[in-house]
Amino acid sequence: MRRTLVIALTVLLLVVVTSWLIPAQAQQPAAPPPWKQGQPAELANSPLAPVPQPPAPKAPGEIPVAKIKVPAGFKVELWAHGINNARVMTWGSKGTLFVSSRVAGNVYAVLDKGGTREVKTIAKGLNLPNGVAFRDGTLYVAEIHRITKMVGIEDKLDSPPPMEVVYETLPKDAPHGWKYLAFGPDGKLYFNIGAPCNICLPPDTHANISRINADGTGFEYWAHGVRNSVGFDWHPVTKELYFTTHARDWLGEDVPSDRFDHAPKKGLHFGFPYCHQGDILDPEFGKGRACGEFAPPLIKTGPHVGGNGVMFYTGTMFPTEYKNRVFLTQRGAWNRTEKTGYRVMMVTLRMGDVPKYEVFAEGWLENNQPWGRPVYTQHMKDGSILIADDYAGAIYRVSYQR
Amino acid sequence: MRRLGTLVVLLVLSAAGAEAADVEAGRRKSAPCAACHGADGNATIPGTPSLAGQPTFFTHWQLIKFRDGRRRDAQMSPFAQSLSDEDMADLAAFYAAQPPKARGSAVDPAKVAAGRPLVDTHHCSSCHTPTLTGQQQVPLLAGQDLAYLRKLLGGFRTGTASDLDGTMTMAARPLSAEDVENLAHYLASLTPR
């Protein structure tokens with residue numbers, strides 16, 4: 001009897017609450033654009049806004065390569081240009097460099113013609129195709145809403161094969177919907193599903209790093225509470241996953257820090273949206289939570305640095321201490337008066353000690369204005385590295401001579 | 001000597017032309033566009049947008065989208081196929097340099113009044129600027145053609161218009177059909193700049 005009463009009261013309460021909630025929701029003001037979401041009222045007139053992507057790549061004469069500073073013994077040259085919005089680079093097995101873009105909607109094939117580079121657009125009109133990965137003659141492309149493949153692409157660069165769907169059970173949200181895509185040491189395809197907002201309690205389907213088998217089966221979440229990771233790599237020896245994450249905006253000029261994280265096993269939660277940088281509870285979503293519940297960052301990489309590319313150096317050209325160091329490419333961000341990032345950092349992981357974190361290449365920022373934005377790195381066969389710049393639409397090569 | 005000077009000037013100009021957008025080249029290249037968009041980018045045909053005063057990034061990105069098939073239009077899509085990257089840069093620079101004029105669309109004062117507060121509740125000025133004159137990749141809306149505004153905004157609302165990064169599709173999702181109509185009337189009633 002008492003139980004029936006409790007149920008009846010609960011139902012009544014639910015009806016009342018729902019009837020209040022529904023009209024209230026209908027009258028709620030519309031959400032601001034994603035970049036402005038979470039902005040406190042006192043900053044409503046802030047001049048800070050995202051850096052717009054130029055619609056065209058820069059001509060070689062407009063790219064001041066000499067301004068890029070690297071350690072002694074290293075040399076930077078302009079390796080390729082005219083690649084609108086060049087982002088992730090991945091090698092085919094026959095020497096083709098595949099390059100993605102984001103808002104330009106293109107995927108490119110870059111061919112090294114001894115001294116010059118030829119650029120072919122192999123796919124266009126795509127939905128923010130940031131992720132590209134190559135395995136067994138097939139190029140995989142990640143757009144916001146799907147992952148597709150182009151079988152035997154390297155033999156058909158002038159008449160590319162159709163993009164066959166591998167996986168399309170993905171959220172269609174544009175904010176943080178673009179993906180990084182890479183094959184793990186287990187042969188699975190890893191990608192991010194970012195939070196669809198600056199700061200929000202994301203649905204269970206978002207704010208993670210996920211993986212599938214190369215044939216599109218076996219979807220599973222690998223890491224949770226990841227606001228948006230668009231760069232990761234696996235340690236060449238331990239085979240464990242390391243990734244970067246962009247932290248939320250509008251919490252301050254100097255907080256929260258972006259992160260470099262370590263996810264050695266499945267199922268860890270990295271804190272979003274409850275805890276930022278491992279030690280700051282979110283003013284809204286952190287209530288009743290503790291940062292100790294979540295995996296802390298391996299390195300706080302700095303506020304608003306915009307960390308994208310992660311690459312363990314496995315080449316032999318650079319000095320021996322570079323072996324297994326991590327290059328973190330920081331595209332730079334906008335939500336800070338004095339801009340940070342716009343550089344390539346390097347991390348030396350040390351057993352039982354804090355990692356060493358230092359600048360490798362910088363100079364894309366001049367008088368607080370970027371002329372270029374480094375975004376991802378890739379190895380060349382000879383051990384030199386390539387750096388893609390999605391703002392200038394260019395690729396640089398960094399080599400070393402002792 | 002004078003001839004040498006002219007030659008040097010020409011060489012410098014041609015070198016610059018390869019790298020920077022050229023307003024005069026854009027003016028010449030815009031001849032086929034004039035029939036619909038007007039010689040100075042101020043169109044008069046209902047349903048056809050004015051391009052005068054549009055930010056260069058905006059016009060350039062839209063041309064790329066028409067060429068790549070991300071944005072489709074029976075007239076524009078075939079036209080954009082023949083444009084090079086340089087053509088697009090020149091055209092965008094030319095139209096950005098033309099003073100925009102209000103279209104003078106016949107607007108309904110009641111809808112204008114109903115549309116005005118929606119600009120604030122839907123955060124239009126966050127990207128389009130408080131004067132709704134646009135910036136960078138974001139278009140000028142003030143005084144644009146009523147039928148065009150209605151068509152595009154309605155398209156974003158129903159998810160059938162393509163935007164660069166999803167921002168407009170998200171912004172238009174909470175709008176009702178009536179909101180679209182009212183907003184279009186309000187925006188069309190404004191005078192650019």
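These legends accompany close-up views of a predicted model.

View 1. In sequence order the pattern reads α-α-α-α-α-α-α-α-α-α-α. Along the principal axes, the C-alpha atoms of chain B fill a box of roughly 70 × 30 × 30 Å.

**View 2. Burial and contacts within chain B.** Chain B has 193 residues, and 46% of them count as buried. Now look at the contacts in chain B with a separation of 6 or more: 74% of these come from residues 24 or more positions apart.

**View 3. The two domains of chain B.** Domain 1 of chain B covers 20-96, while domain 2 covers 109-189. Between the C-alpha centres of these two domains of chain B there are 21 Å.

**View 4. Where domain 1 of chain B meets domain 2 of chain B.** Here 15 residues of domain 1 of chain B are in contact with 14 residues of domain 2 of chain B. On the side of domain 1 that touches domain 2, you will find seven nonpolar, five polar and three charged residues.

**View 5. Where chain A meets chain B.** In this view, 19 residues from chain A are in contact with 26 residues from chain B. The chain A side of this meeting place is made up of 13 nonpolar, three polar and three charged residues.

How values were computed. Residues are numbered from 1 along each chain as its sequence is written. Chains are lettered from A and ligands numbered from 1 in the order in which they are written. This is a predicted model: local features need pLDDT of at least 70, side-chain atom pairs count only at pLDDT 80 or more; totals for chains, interfaces and linings use all residues. Domain bounds come from an automatic or database domain assignment. Two residues are in contact if their C-beta atoms, placed from the backbone, lie within 7 Å. Ala, Val, Leu, Ile, Met, Phe, Trp, Tyr, Cys and Pro count as nonpolar, Asp, Glu, Lys and Arg as charged, and the others, Gly among them, as polar. Helices (H or I, at least four residues) and strands (E, at least two) are DSSP runs, numbered from the N terminus. A residue is buried if 20 or more other C-beta atoms lie within 10 Å of its own, exposed if 12 or fewer, and partly exposed in between; C-beta atoms are placed from the backbone.
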